[in-house]
Amino acid sequence: MTWALVAEHADEWTGSDFGQAATVLDEKVGAIVSASPMNADAQSHFLTTFLEPLRDSLASDGRKAVESGQRWSAAAGPLLVAVAPAA
C-alpha cells in the first residue's frame, strides 16, 4: 500500500492483511492530522470526510481488486491510497 497526503507526507506499507493496512493508514494519517495546526473540529472533519471513506474502501474494494489480481487506488480530497498485488 502506498499513500500520500498532498503537500504533507507520503509513505508505504507492505503486507497482505487488509485490516492491518487500514489500521496502519488510520494511525499514520491520524498522527499527522493530530500534529497539524488544525483545530479539533477541523481535524475531526478531515478524519471523517477524507480518511474514513478511504480506510473503509481499502478494506473492501481494495481487497477485492487485489485478490482478483488488479491494482486499486482511490482519493478523497488531499489523500490518495493505492494497493497492488505482491510482485
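Two strands count as a pair if DSSP finds at least two bridges between them. Keep that in mind for the views below, which come from a predicted model.

**View 1. Here is the open sheet, built from 4 strands.** Reading across, the strands come in the order β2-β1-β4-β3, and their pairing is antiparallel. At the edges sit β2 (9-12) and β3 (72-76), each of which pairs on one side only. On average, neighbouring strands of the sheet are turned by 10 degrees against each other, direction ignored.

**View 2. This one zooms in on β1 and β4, an antiparallel pair.** β1 covers residues 2-5 and β4 covers residues 79-83, with 4 bridges between them.

**View 3. Last stop is Ser57, a residue of helix α2.** The helix itself spans residues 40-67. Is Ser57 buried or exposed? Ser57 has a relative accessible area of 16%, so it counts as buried, the cut-off for that being under 20%. Leave aside the neighbours within four places in sequence, and Ser57 is in contact with Gly62 and Trp72.

Methods. Residues numbered from 1 in each chain as written. Predicted model: local features only at pLDDT ≥ 70, side-chain atom pairs only at ≥ 80, totals over all residues. Heavy atoms only, no water. Helix = DSSP H or I, 4+ residues; strand = E, 2+ residues; numbered from the N terminus. Buried < 20%, exposed > 50% of the residue type's maximum accessible area, 1.4 Å probe, protein only. Contact = heavy atoms within 4.5 Å. Axes fitted to C-alpha atoms, helices over the stretch in contact; angles between N-to-C directions.
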